[in-house]
Amino acid sequence: MKLAPQSIPYRALQKVAGVVVVLFFVVNDSEWGFPAAAGATGAVLLVAGAYEVAYYRRFEYELTEDTLDIRSGVISRREREIPYRRIQNVDVSRSVIQRAIGVAAVDLETAGGSSTEGSIRFVTPEEATRLQREVQRRKSAGSAADDGDAAGEDRGPVEEELFAISPRELALVGALSFDGRLIGLLAFAGSGSVPVVSGYLPDVSTLALSAVAVAAVGALFLVSWGIGAAVSFSNYYGFRLARAGDELRYERGLFRRYSGSIPTEKVQTLTVSDNPAKRALGYATLSIETAGYAPGQGGEYGSEAAIPIARSGRVYELAREIESFGDPSFRRPPRRIRWRYAFRYALLLAVLVGVAFAVDWYVAADIPWYAPAALLLAVPPAAHLKWKHRGYWLGEDHLVTRNGFWSRSVRIVPYYRIQNVIDSRSVFQRRWSVATVVADTAGTSSLTGSDAAAVDFDVEEAVDLQSELAGRLQEALRDRRSEVGSFEWFEGDGETDGEGDADAEAPDESPDIPDEGVVRSDFSASTRDYSEPAERVDTGGYAVDRFPSDADVAHRPDGEESSTDAVDDDGDGIDGGDDADGGSAEVGGDAAEDAADDSDGSGEAETDESQER
């Protein structure tokens with residue numbers, strides 16, 4: 001399949017538009033004049049158009065039985081085969097210009113990827129929607145479909161609308177948004193660091209200049225609020241969330257329209273966030289983190305926002321439809337930790353007063369530099385609120401943490417999604433004998449502080465919590481492995497195709513067991529050439545040896561359960577049959593993350609291997 005023909009001129013202009021404008025004005029202002037400028041511009045556009053024609057002719061994509069294949073490149077050819085079960089998100093975006101000419105961009109995100117795995121730029125909107133739905137259908141069904149069958153979309157799962165933003169909620173999204181980037185830019189421009197701007201500052205008295213500065217700061221905050229409101233309104237216009245089978249689908253955007261999917265089996269963390277204004281009005285926001293595709297990545301936070309704003313009760317109701325985590329009852333840090341927060345705020349105020357005094361002394365302006373000291377009255381309630389809005393809760397299947405007052409986040413993490421449990425203690429925390437326990441997941445990085453964390457708890461409680469989380473992680477992994485990867489051996493009296501062969505079902509006598517207790521396979525009847533490497537089969541996640549193992553197998557007396565070989569995500573073998581809780585393997589979070597996938601894909605290959613042996 002090919003790209004949309006109208007993508008050729010659009011891609012050409014997109015790549016060289018800036019160069020063409022600069023080149024035209026530079027050449028036009030030279031001694032050659034307008035004809036030379038027009039000629040140079042035309043030559044650049046001609047070269048760009050020729051390259052895009054070649055790119056269009058050599059770009060192909062195809063939906064095969066198990067993979068989406070993309071072949072591209074003019075000078076250097078690149079071929080990619082992306083397994084359906086590894087595709088995590090299929091995002092479709094259309095800007096105003098793209099909507100006008102009838103094209104759309106398709107981006108493919110895979111589990112664990114830190115960037116876009118594959119891009120198809122550009123196809124028609126109908127083809128983009130078909131690709132989005134067909135990839136999910138094939139991923140869910142695990143079976144091939146006719147590439148030209150237009151009825152494939154009709155066989156997909158039925159969409160059930162979960163949330164659609166109302167005009168009132170859209171207005172609240174804008175009203176509660178604030179973009180502080182303009183403040184930093186204008187503050188730098190007016191500080192005197194930029195000579196052109198500082199030359200326009202009036203030479204008036206200090207009092208008048210201070211009044212002007214106060215008014216300017218107020219106007220700056222108002223303009224920043226207006227910009228934030230406009231951006232949020234544009235991002236979340238027409239927001240809609242629906243469930244289709246085992247995925248969540250969203251649409252949003254005014255000038256640039258986005259649509260994408262969030263696979264529920266790849267959800268790592270749910271985050272319910274709010275601030276004092278939202279809490280006063282009874283609203284909150286729900287966002288989702290998936291493996292390798294976290295909020296804020298690529299500057300597109302809205303792509304992962306499940307609910308931009310809604311009533312708090314509705315937000316928690318929708319969150320429980322994704323992960324049933326119950327009703328949390330948070331355990332707070334020790335009360336004495338409030339003194340730590342109070343000391344921190346008092347130290348910050350002391351620094352602020354010192355800076356004001358230095359400015360007053362250096363500028364020789366009669367300003368009340370001691371005025372910030374009045375904020376000391378707010379230190380005790382601020383410390384109490386910071387302590388009050390922190391805590392953690394251990395549910396039956398989930399860890400729930402809460403942190404922050406001005407920007408409060410409640411994070412819900414299933415135990416089996418935890419990658420690592422980290423006990424961290426800063427220099428100041430060690431002085432107070434407290435620690436922080438971080439539950440690291442595949443969707444985030446603990447270094448950024450965006451993981452679920454129990455902050456400032458007694459060292460003894462932190463150690464117990466870390467041990468408890470590790471234990472619950474292993475238990476959750478065993479339960480999940482037993483649910484998605486279990487199988488049964490049928491021996492002795494199993495039914496046949498109609499003719500029972502009792503003699504073939506069980507051996508007449510037990511094998512001879514050597515003295516060292518090891519049974520060695522008899523390869524005398526094998527047709528395999530052992531001088532050649534074993535054939536390997538690509539299962540999408542790792543390679544599995546098609547032939548039986550040459551290794552010696554320890555003999556198990558009758559009555560003991562047989563063991564099977566499991567393979568972790570790194571490709572190393574792990575013993576998965578000796579566990580007393582059902583024979584599941586104890587593995588890390590990376591292996592558990594793809595447990596459901598393994599049962600559909602590579603897990604079948606492993607089962608076949610065990611049966612061959």
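**Helices, cores and salt bridges: what the terms rest on**

Modeller: Let's start with α2: its buried residues pack against α1 (7–28) and β2 (67–72). This is a predicted model, where local features need pLDDT of at least 70 and side-chain atom pairs count only at pLDDT 80 or more, while totals for chains, interfaces and linings use all residues. Numbering runs from 1 along each chain as its sequence is written, and side-chain values use heavy atoms, leaving out hydrogens and water.

Biologist: Which residues of α2 are called buried?

Modeller: Gly33, Ala37, Thr41, Ala48, Gly49, Glu52, Tyr55 and Tyr56. Buried means under 20% relative accessible area, exposed means over 50%, and partly exposed is in between (1.4 Å probe, protein chains only). For packing, contact means heavy atoms within 4.5 Å.

Biologist: What makes residues 33–58 a helix, and how far does α2 reach?

Modeller: Helices are DSSP runs of H or I with at least four residues, strands are E runs of at least two, and both are numbered from the N terminus. Helix α2 has 26 residues and reaches 38 Å from first to last C-alpha, close to the 38 Å expected. That expected span is 1.5 Å times one less than the number of residues.

Biologist: What makes a set of residues a nonpolar core?

Modeller: The members are buried Ala, Val, Leu, Ile, Met, Phe, Trp, Tyr and Cys residues joined through side-chain atoms within 4.5 Å. In the largest core, of 32 residues, Phe163, Leu241, Leu270, Leu286, Ile288 and Ile307 touch the most other members. Domain 1 (167–236) and domain 2 (267–333 + 390–471) both contribute residues, so this core lies between them; the bounds come from an automatic or database domain assignment. A second, separate core of 22 residues includes Leu3, Tyr56, Val106 and Leu108.

Biologist: Why is the Glu134 and Arg137 pair called a salt bridge?

Modeller: The term needs a side-chain nitrogen of Lys or Arg within 4 Å of a carboxyl oxygen of Asp or Glu. Here N to O is 2.7 Å, so the pair qualifies. Both residues sit in helix α4 (residues 125–141), three residues apart, about one turn, and both are buried.
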